[in-house]
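Here are my notes on the model you asked about. Have it open while you read, and go through the points one at a time.

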Amino acid sequence: MSEYVVDESTIFETPLVELDLDLEADADVYAKAEWFNLYDAPHGGGSIKSRIAKGMIDGAEERGDLEPGVTVIEPTSGNTGSEVARLAAARGYDVEIVMPDNAAGGKVAAVRDAGAEIHFVDANLGYDAVIERCEEIVAADPEAYFRPNQYENPDNPGTHERTTAREIYEATDGDVTHFVAGVGTGGTITGTGRGLTDRSDGGVEIVGFEPDEQLHAIDGLKYLKSGNHYHPDTYDESILDRTEYVATSDAYDRARALRERYRDDPVPVADAGQHDEATVREHLRVDDQFVVGTSAGGGAAAVASLDAAGELADDDVVVFMLCDRGDKYADIPLWEDYL
């Protein structure tokens, strides 16, 4: 374990940056840099999952569902696992994380750094097998474990409804017209979509995106388009106005295009959130490169798809999520040749 001390006060109120995606429409495009949750944590800072990790653990403790001596366990593709591990371990709990054996190295390192035990599952079995393995472990000794269960816990979308939606609405002065987010647990798109819909009286178009193929490499997202796949209770499609389907290659190309676009130019910071601009500048880049995660590239690709379909006007204001920073993916094809 490292000597990193978890500072939960850095969770929420993340920066909003303005991005040039080379669209046909002259719409304003902004993105939330979510690694500024626990931004000084090793292995790439925090992620969008820092929000729900805090929300789910806080809720469990308040309800008495999580008590001293119980082991916290969670299935994950990586980010939820590292954030649950960091927060739960810092509060004194033992933690076990179940994840596919092809998870990005930065995410695995973050879980180990927090002191959690990892149960690896063969990635070729599909992500549903990760969830099933976690259920088997808990069933063998149910009194020993507490599972936050990001796929069923209402504190997942509830946290986004209370925090992410408010932050976006306030940072754009209520001018946001489109919100775009990927579907993994569905918590981000459901909770933030619900909150923005309420705040705008239905004036914000809520756009979800999923991988276009079952075998994909957009971390954190689930393929739900067809087949008999596990459908998270935390995902409410009725919130969505539109769904886009993104290819892994397009997600990677768009992430790399952002790196190239801001190779020499600074990334405009529209709202620094709870941070000062110097802190944002310090943690926005890696090795002086603007590199983002796979799902952030997917978000950029989904916005581009909206533009190509003629769905964006020149006066629109679009917001999507940069769920994590690219140094978590230094060992996979997205950034292995760059970092």
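1. Let's begin with Thr14. Apart from neighbours within four places in sequence, Thr14 is in contact with Lys32, Ala33, Glu34, Phe36, Asn37, Arg51, Glu167 and Gly273 (contact means heavy atoms within 4.5 Å).

2. Before we go on, a word on what you're looking at. This is a predicted model, where local features need pLDDT of at least 70 and side-chain atom pairs count only at pLDDT 80 or more, while totals for chains, interfaces and linings use all residues. Residues are numbered from 1 along each chain as its sequence is written, and side-chain values use heavy atoms, leaving out hydrogens and water.

3. Is Thr14 buried or exposed? Thr14 is buried, because its relative accessible area is 2% (buried is under 20%, exposed over 50%, partly exposed in between, with a 1.4 Å probe and protein chains only). You'll find Thr14 in the segment before β1 (strands are DSSP runs of E, at least two residues; helices are runs of H or I, at least four; both are numbered from the N terminus).

4. Follow the chain into β1. Strand β1 (residues 16-18) pairs with β2 (residues 28-33) in the antiparallel sense over 3 bridges (pairing takes at least two DSSP bridges). Val17 stands opposite Ala31 in β2.

5. Now zoom out: β1 and β2 belong to an open sheet of 7 strands with mixed pairing, in the order β9-β8-β7-β11-β2-β1-β10. At the edges are β9 (242-246) and β10 (269-271), each pairing on one side only.

6. Helix α6 (residues 164-171) lies across β1, β2, β7 (178-182), β10 and β11 (317-322), and runs at about 140 degrees to β11 (axes are lines fitted to C-alpha atoms, for helices over the stretch in contact, with angles from 0 to 180 degrees between N-to-C directions).

7. Last, a helix pair. The axes of α2 (residues 79-90) and α3 (residues 105-113) come within 8 Å and cross at roughly 20 degrees. The two helices are therefore roughly parallel to each other (angles under 35 degrees count as roughly parallel, over 145 as roughly antiparallel, 65 to 115 as roughly perpendicular and the rest as oblique). Asn79, Gly81, Ser82 and Arg86 in α2 meet Lys107, Ala110 and Val111 in α3.
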